[in-house]
Amino acid sequence: MNLTHWHPHFIDLSPVFEPFKPMAGAIGTFNDWPTCQDLHNLKLRVAHDVLTCSGVPVRFVAQENAANDAFEQWYEPRIYLSGEVATRPENWHDFFNALVWMTFPHAKATLNQIHYHALIHAAQRNIAKRGPLRDASTLFDESGVIVLSSQMALMELLRQHAWKEVFWKYRKAVLSSMRFMVFGHALYEKALNPYVGMTGKGIFFQVDEAFFRKRLVEQLHAVDQWLADFLLQKLASNADLSPIPILGYPGWSDDNAAVDYYDNTQYFRPLVRTK
């Protein structure tokens, strides 16, 4: 698969896109790249509000070419203060960003709030360097993966980089008791043209077995709130995010049906222990 043009049924191409399934029917009606107005109409069909933490509705607006140095027009402050998300036309990266706003609105609003307050803090103290919280927020925004499991042992194996053990030896348990949900819009863009080396940055949540029997939309709503709370209360630096070679999840690559797929240590890197 090598997808650069518009494809209205991209969701069917890979299980990576599962969080967007509730919107598949509406997206499938777009015969060409959706405009900002199309994205607005799609947002109206989502069964929950999409608001910033300042309480204003999120709107996807065309990105202007002319630079504007006013603080209120910087990307994150503009979203926080006016709800305007600058969006480039015919661009998968920005399109996926819009879909993630619709799918995980509380988490996206929380990330935006973190950036806004960090920028205010930096401006007041004349700090030019990005801090570790903004770095981690950006990394998760672009490449985040939510790991859900009813078995703590499986999550611990991921944390220990025991990739072959968790994805192959316990493959059946992974399929029944663990789910990945991609959050990062850059990771979704990469999934259009997947390659060995695709790695997300994971946040873990333990759930009960009954969670996996709920409708997808219910799962997404719950995860959105959990994630928003985690980002606001616990995220501090990149150390709070765990590397996840997402193509190791059973079925997320045709190649991982063979055991030797997991012997590639350039992708499935062992844990480097520091003193």
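This is a predicted model: local features need pLDDT of at least 70, side-chain atom pairs count only at pLDDT 80 or more; totals for chains, interfaces and linings use all residues.
Next I wanted to know which residues alanine 109 touches, leaving aside its neighbours within four places in sequence. I noted contacts with Leu51, Thr52, Cys53 and Trp101. I also checked glutamate 72, which is 37 residues away from alanine 109 along the chain, and the C-alpha atoms of the two are separated by 17 Å.

**Helix α5.** Just after α5 I found asparagine 126, which takes a positive phi of about 55°.

**Helix α3.** I turned to α3, residues 75–82, and asked which of its residues are buried. They are Glu76, Pro77, Arg78, Ile79 and Tyr80, so I recorded that charged residues, by the count that takes Arg as positive and Glu as negative, are among the buried ones here. I looked up what these buried residues pack against, and the partners are the strands β1 (59–62) and β2 (84–87) together with the helices α4 (92–103) and α5. Just after α3, glycine 83 takes a positive phi of about 85°.

**The whole protein.** I stepped back and counted the elements, which come to eleven helices and six strands. Why did I call the overall fold compact? With 275 residues, a compact globule would have a radius of gyration near 19 Å, and the protein has 19 Å, which agrees. Taken along the principal axes, the C-alpha atoms fill a box of roughly 55 × 50 × 35 Å.

I noted that buried residues make up 49% of the 275 residues. Among the contacts with a separation of 6 or more, 73% are between residues 24 or more positions apart.

For the surface, I wrote down an accessible area of about 13,600 Å², of which 51% belongs to carbon and sulfur atoms. Last, I compared the charges: there are 26 positive and 28 negative ones, and their mean positions are 7 Å apart.

Notes:
Residues are numbered from 1 along each chain as its sequence is written. Side-chain values use heavy atoms; hydrogens and water are left out. Helices (H or I, at least four residues) and strands (E, at least two) are DSSP runs, numbered from the N terminus. The radius of gyration is taken over C-alpha atoms; the globule rule is 2.2 Å times the number of residues to the power 0.38. Buried means under 20% relative accessible area, exposed over 50%, partly exposed in between (1.4 Å probe, protein chains only). Contact means heavy atoms within 4.5 Å. Accessible areas come from the Shrake-Rupley method with a 1.4 Å probe; for residues, only the protein chains shown count as cover. The place of a charge is taken as NZ of Lys, CZ of Arg, CG of Asp or CD of Glu.
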